[in-house]
Amino acid sequence: MSFCFPRSLLHFSSAKLLLKMSVRSSSRDSTRIPLPEEEPGIGSPSRVYVRTKRVKRTTSVATENPKAEPPDEKLSSVPDIEGFAYRRTIASSPLSKPKLSSDMLQEEDIDVSSKTEVHSPTNWEEVLQGIRLMRSSEDAPVDSMGCEKAGSFLPAKERRFAVLVSSLLSSQTKDNVTHEAIQRLHQNGLLAADAIVKASEATIKSLIYPVGFYSRKATYMKKVAEICLTKFGGDIPSSLEELLSLPGIGPKMAHLVMNVGWNDVQGICVDTHVHRICNRLGWVSQPGTHQRTLSPEETRVSLQSWLPKEEWVAINPLLVGFGQTICTPLRPRCGECHINNLCPSAFKVTSSPRSKTKKSK
């Protein structure tokens with residue numbers, strides 16, 4: 001038996017089958033990832049993917065540029081201890097170029113007061129005399145254990161090197177701790193450049209512990225000793241520029257070594273005590289303002305602009321001892337201070353600026 005379908009029904013089935021095949025084909029094409037060489041047409045479902053790919057490709061080119069210069073380590077790194085090597089920091093900073101001439105004048109200790117009129121603080125001589133009277137007993141740690149006392153029993157050349165080592169160890173370390181470390185080095189025959197070069201770093205660490213940053217300072221000691229041995233015959237540099245080029249030696253240390261070792265006064269030795277007390281007394285300020293100085297180096301430049309040069313050497317041990325006994329960082333003893341009637345900060349300071357910053361954070 002044979003069946004005969006109407007021709008219209010056959011046409012309808014064929015059209016329905018073709019429609020199903022077209023839908024399946026378009027569904028597969030919409031999920032297909034185009035090859036790199038394909039150019040999707042406008043309105044194609046893959047257009048969004050290609051646009052996203054182009055954005056990513058542009059980003060990768062910008063971030064992975066092989067010709068990009070590496071970051072400046074000198075600019076990004078923080079100076080090791082107490083703002084050491086300040087010359088190199090200024091020279092490497094692109095922001096400092098417009099101020100380079102002014103900074104260089106300050107670094108080279110050229111008297112900028114000849115160009116701008118500088119007034120001495122009111123009653124500064126009376127204040128200084130009052131501090132001298134309070135310090136007449138010389139009972140502060142700096143009087144017997146300061147850096148300038150190191151190697152006082154040694155010949156001139158050996159003593160200069162001992163003062164340099166003591167200055168290097170003194171940063172962020174109390175005088176008695178530095179003094180004891182120097183004593184241990186001397187007892188083990190390690191207060192000379194050639195002996196330090198021969199000694200192991202581990203031995204030096206064990207002898208200078210617990211000075212601040214003792215591990216780093218042991219490394220610096222080895223490098224400094226090698227430079228002094230090879231370039232200066234075991235002696236120390238005789239210029240401020242060369243001292244500042246030594247690893248771990250900053251302005252405070254360099255000026256002290258120049259004063260004690262070579263009797264060459266080129267600047268004031270300003271540490272944290274001198275920096276703190278000068279700001280409390282209102283003796284120093286930032287250039288052109290009445291704001292406090294932000295670093296010991298700023299304090300040095302401001303203080304040198306008006307303090308007579310004959311006071312430059314004595315002012316450091318005087319104020320350091322005053323800061324160790326009376327005008328302490330935390331809770332200064334204003335009630336015992338003989339110049340509290342002349343000090344603008346008397347009875348107003350209960351903590352150091354650093355502790356206030358930590359508390360606010």
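User: Where is Asn123 found?

Analyst: This is a predicted model. Asn123 sits in the loop between α5 (100–107) and α6 (124–134). Its phi is positive, about 60°, although Asn123 is not a glycine.

User: What makes Asn123 count as partly exposed?

Analyst: Its relative accessibility is 39%. Buried means under 20%, and exposed means over 50%. The value of 39% falls in between, so Asn123 counts as partly exposed.

User: Which loop holds Glu138, and why is Glu138 called exposed?

Analyst: Glu138 lies in the loop between α6 and α7 (141–145). Its relative accessibility is 57%. The cut-off for exposed is over 50%, so Glu138 counts as exposed. Glu138 also has a positive phi, near 50°, and is a residue other than glycine.

User: What joins Tyr209 and Pro210?

Analyst: A cis peptide bond, with omega about 15°. Pro210 is placed in the loop between α11 and α12.

User: Now the whole chain. How many helices and strands does the chain have?

Analyst: The chain has 18 helices and 0 strands. Of its 361 residues, 39% count as buried. Take the contacts with a separation of 6 or more: residues 24 or more positions apart account for 59% of them.

User: Why are α15 and α17 called roughly perpendicular?

Analyst: Look at the angle. The axes of α15 (residues 272–281) and α17 (residues 315–325) cross at roughly 80°. Angles of 65 to 115 degrees count as roughly perpendicular, so these two helices get that label. Their axes come within 8 Å.

User: Which residues make the contact between α15 and α17?

Analyst: From α15 come His273, Val274, Arg276, Ile277 and Cys278. From α17 come Asn316, Leu319, Val320, Phe322, Gly323 and Gln324. These residues divide into 6 nonpolar, 4 polar and 1 charged.

User: How many disulfides are there?

Analyst: The count comes to 0. A disulfide needs two cysteine sulfur atoms within 2.5 Å. Cys269 is in no disulfide, and the nearest cysteine sulfur, that of Cys147, is 7.9 Å away.

User: Where is Cys327 placed, and what is Cys327 in contact with?

Analyst: Cys327 is in the loop between α17 and α18 (353–360). Leaving aside neighbours within four places in sequence, Cys327 is in contact with Arg276, Ile277, Arg280, Phe322 and Pro332. Take Arg280. Cys327 and Arg280 are 47 residues apart in sequence. In space they are 9.2 Å apart, C-alpha to C-alpha.

User: What makes Asn259 buried?

Analyst: Asn259 has a relative accessible area of 12%. Buried means under 20%, so Asn259 is buried. Asn259 lies in helix α14 (residues 251–262). Beyond its neighbours within four places in sequence, Asn259 is in contact with Asp264, Val265, Gln266, Gly267 and Val313.

User: Which residues of the largest nonpolar core touch the most other members?

Analyst: Leu164, Val165, Leu169, Leu185, Ile208 and Met221, out of 41 residues in that core. The elements giving two or more residues include α8 (156–170), α9 (175–187) and α12 (214–232). α8 gives the most, with 7 residues.

User: What is Leu185 in contact with?

Analyst: Setting aside neighbours within four places in sequence, Leu185 is in contact with Val165, Leu169, Leu190, Leu191, Leu207, Ile208 and Met221. There is also a second, separate core of 30 residues, with Ala140, Val142, Cys337 and Ala346 among them.

Notes: Residues are numbered from 1 along each chain as its sequence is written. This is a predicted model: local features need pLDDT of at least 70, side-chain atom pairs count only at pLDDT 80 or more; totals for chains, interfaces and linings use all residues. Side-chain values use heavy atoms; hydrogens and water are left out. Axes are lines fitted to C-alpha atoms, for helices over the stretch in contact, and angles run from 0 to 180 degrees between N-to-C directions. Helices (H or I, at least four residues) and strands (E, at least two) are DSSP runs, numbered from the N terminus. Angles under 35 degrees count as roughly parallel, over 145 as roughly antiparallel, 65 to 115 as roughly perpendicular and the rest as oblique. Contact means heavy atoms within 4.5 Å. Ala, Val, Leu, Ile, Met, Phe, Trp, Tyr, Cys and Pro count as nonpolar, Asp, Glu, Lys and Arg as charged, and the others, Gly among them, as polar. Buried means under 20% relative accessible area, exposed over 50%, partly exposed in between (1.4 Å probe, protein chains only). A nonpolar core is a set of buried Ala, Val, Leu, Ile, Met, Phe, Trp, Tyr and Cys residues joined through side-chain atoms within 4.5 Å.
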